[in-house]
Amino acid sequence: MKTIALIFTGGTISMKVDENLRSVIPALSDEEIISKISGINKKANIYPYHFSKAPGPHITPDIMLELGNKIEEILLKDDVEGAVVTHGTDTLEETAYFLDLYLKTKKPVIVTGAMKNSSELGYDGPANLAAAICTALDDTSYNKGVLVVMNDHIYSPDEVMKTHTLSLDTFKSLELGPLGIVDQDHVIYYRARRTVTKIESHKIEKKVGLIKCYSGIEDDYIDYCIQQNYKGIVVEAMGRGNVPPKMALAIQKAINHNISVVIVSICPSGRVLDTYGYEGGGSYLRKMGVILGGNLSGQKARLKLMLLLGIENDTERIKDKFEQDLY
Ligand SMILES: NC(=O)C[C@H](N)C(=O)O
């Protein structure tokens, strides 16, 4: 029987209702969670590792880095053949994407969580864990990078997003759909991942901001980033990658200060491209020297830029590396 590491970071999967507070808080021990996955000891040896009991919103890029190093260390053990990471769903897609960029191991690493806590009818933690463990056990999951398994679907971390605040069927790859499914204990891949990008970095640059565009946005947020000595800014631009004129001027100012600026879209699907030539259009911004972030979300583009700025400070090289697998 294979051994799979079960690394607990927290999230709703380890929460229950506190009767005094009348709200949901971290409570379950790792052993309690494992005991709810019926029949798992007939399928795999579980190697539990307690990392934290943190809710998703408490996870930071520094914690992702520490988690990545721990997973790498655990998977260096010859007898551990894969890892399943439990995580709060609020930042699950961010940690999964970060780990995908960061980890060197070819062994399966699967990130999962739960939408309902253990006090609720229909607590989905054990089912998600069972599906994630089956995915980690399957030979076809080898060398596929980090994967997300929720609600019996397998997703690519660069594509997946939490789309619903409550539904069990919240994780979706809106454009391309899941990579595969877990049908009872059977793992079926329908398609391959487009690319698996790796960034050879052991540090992150923390001064990287994320700004969402809206009609009439001016230069104040970018001015703040310049004053605070930010090294990178991700701008969630409109549509195909366009911003209002005052924002375009602010982006030029940031670039003049040697800040790497990545453009992604506020649309949940589709790539940005240098299509429009009007003031603030993608082609206009491109001539200023912005980096195009493909169809990454703002949060994921920020993590990629943080890792790249950890190893590079030349803006042209950052641009080349950022865009390499996207265009
Ligand atoms: N379902 C969840 O895990 C949501 C929770 N707020 C978290 O991210 O920790």
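Predicted model: local features only at pLDDT ≥ 70, side-chain atom pairs only at ≥ 80, totals over all residues.

Modeller: Let's come in from the domain contact: ten residues of domain 1 touch eleven residues of domain 2. On the domain 1 side, the largest share, five residues, comes from α3. By class, that side has seven nonpolar and three charged residues, with no polar ones. As for the bounds, domain 1 covers 3-189 and domain 2 covers 208-323, and their C-alpha centres lie 31 Å apart.

Now for the sheet itself. It's an open one of eight strands, with mixed pairing, and the order reads β4-β1-β5-β6-β7-β8-β11-β12. At the edges sit β4 (45-50) and β12 (186-189), each pairing on one side only. From one strand to the next, the twist averages 25 degrees.

Zoom in on β6 (residues 109-112) and β7 (residues 146-150): they run parallel and three bridges join them. Within that pair, Ile110 stands opposite Leu147 in β7. Helix α3 (residues 92-102) packs on the sheet here, touching both β6 and β7, and its direction makes about 155 degrees with that of β7. Then there's α2 (residues 61-75), which lies across β1 (3-8), β4, β5 (80-86) and β6, running at about 155 degrees to β5.

Last stop, the ligand. The residues around the ligand include Gly88, Thr89, Asp90, Gly113, Ala114 and Met115. Taken by class, the ligand's shell has six polar, three nonpolar and one charged residues.

Key
Residues numbered from 1 in each chain as written. Near = placed C-beta within 6 Å. Nonpolar A, V, L, I, M, F, W, Y, C, P; charged D, E, K, R; others polar. Pairing = 2+ DSSP bridges. Helix = DSSP H or I, 4+ residues; strand = E, 2+ residues; numbered from the N terminus. Axes fitted to C-alpha atoms, helices over the stretch in contact; angles between N-to-C directions. Contact = placed C-beta atoms within 7 Å. Domains from an automatic or database assignment.
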